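Open the model in your viewer and keep the selection panel at hand. This tour tells you what to select at each stop.

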Amino acid sequence: MFEPERILYEDNHLIVVNKRSGELVQPDPTGDPALEDEVKEMIRVRDGKPGAVFLGVVHRIDRPVSGAVLFAKTSKALARMNETVKNRRIRKIYWAITENRPSPESGSLRHFLMRDGRTNRTKAYDRPVPDAKEARLDYRLLAESDRYRLLEIELLTGRHHQIRAQLSKIGCPIRGDLKYGAPRSNRDGSISLHARSIEFVHPVRRSPVLITAPVPPQDNLWKYFEQTAGQQQSSSIGGNGL
């Protein structure tokens, strides 16, 4: 059952919720509960709606990833937000925990990604290869502990497993991400990648919106890094804004 306290933002047109690691955003062949259906049911019960509740998925994040997920509550908002995403007018900031320190400590990554449907894995290439898609992101080192590093990432393109594949390519696999080269799993099956914030212009009100997702509260390393890094969600990486 979806807990209303996980709502990060809501108005008549949009709702943003804090996804837990392990949750599906949308239903898949496993038949496991999906966040989309649970949020619909929460709205139906809370608002006493007699019929079906409209809820459109604006963007998705991988099952083992936590953080902000944006839904549209009206078809008009969904259509406009889809255009916003298509035109890259939405700013997505992620936090990732890695064991290795990137070199340099901040910069831009550009690779060409090829997805293998059999293994559900994406391979990153330094140069163009047939059928590969260009992938770009900016990153910077935010904080460190004795063993781990916290990276802040601005996603400039939206590709399958993009952050996971690109960080692995530069020798910085995400903590717990066995599929992309991490040496060990996390106890809860998560990977230490968190959709920290999303920023966009409201599709109806035309005002700026910035939503920040708190890190998983049960993970002491995440809590340490959140405290150490401070409130970095509004910082600019690479000078890219709306």
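**Before you start.** This is a predicted model: local features need pLDDT of at least 70, side-chain atom pairs count only at pLDDT 80 or more, and totals for chains, interfaces and linings use all residues. Residues are numbered from 1 along each chain as its sequence is written, and side-chain values use heavy atoms, with hydrogens and water left out.

Stop 1: Select residues 13–168. The UniProt record, an unreviewed entry, places the feature "domain: Pseudouridine synthase RsuA/RluA-like" here. UniProt positions follow the numbering used here, feature names are shortened, and annotations may be inferred rather than shown by experiment. The end C-alpha atoms of this span lie 37 Å apart. Its content is 21% helix and 37% strand. Helices (H or I, at least four residues) and strands (E, at least two) are DSSP runs, numbered from the N terminus.

**Stop 2: strand 9.** Select residues 149–155. Seven of the seven residues are buried, so strand 9 is largely enclosed by the rest of the structure. Buried means under 20% relative accessible area, exposed over 50%, and partly exposed in between (1.4 Å probe, protein chains only). Now show side chains. Arg-149, Leu-151, Ile-153 and Leu-155 point one way. Leu-150, Glu-152 and Glu-154 point the other way. In a regular strand the side chains alternate between the two faces of the sheet.

**Stop 3: the partners of strand 9.** Seven bridges join strand 5 to strand 9, and the two run antiparallel. Two strands pair if DSSP finds at least two bridges between them. Ala-96 stands opposite Leu-151. A hairpin of four residues joins strand 8 to strand 9.

**Stop 4: salt bridges.** A salt bridge is a side-chain nitrogen of Lys or Arg within 4 Å of a carboxyl oxygen of Asp or Glu. By this rule the count is 22. Select Arg-205 and Asp-11. Their closest N and O atoms are 3.6 Å apart. Arg-205 lies in the loop between strand 10 (193–201) and strand 11 (208–212), and Asp-11 in the loop between strand 1 (7–10) and strand 2 (14–19), so the pair ties together parts that are 194 residues apart in sequence. Asp-11 is buried, at 8% relative accessible area.

Move to Glu-199 and Arg-91. This salt bridge has its closest N and O atoms 3.6 Å apart. Glu-199 is in strand 10 and Arg-91 in strand 5, 108 residues apart. Glu-199 is partly exposed at 22%, whereas Arg-91 is buried at 7%.

Then pick Arg-110 and Glu-134, which meet in a salt bridge at 2.6 Å, N to O. Arg-110 sits in strand 6 (residues 106–116) and Glu-134 in strand 8. Glu-134 is partly exposed at 29%. Finally, select Glu-3, Arg-6, Arg-20 and Glu-23, which are linked in a network of salt bridges.

**Stop 5: Lys-19.** Which side chain of opposite charge is nearest to Lys-19? It is Glu-23, 5.6 Å away. Lys-19, in strand 2, is buried yet has no salt bridge. Lys and Arg count as positive and Asp and Glu as negative; His and the chain ends are not counted. The side chain of Lys-19 does reach the backbone oxygen of Glu-23, at 2.9 Å. Leaving aside neighbours within four places in sequence, Lys-19 is in contact (heavy atoms within 4.5 Å) with residues including Arg-6, Leu-35, Ile-61, Asp-62 and Val-69.

Methods: A polar contact is a pair of N or O atoms within 3.5 Å; within protein, one must be able to donate a hydrogen and the other to accept it, and residues adjacent in sequence count only if both atoms are side-chain atoms.
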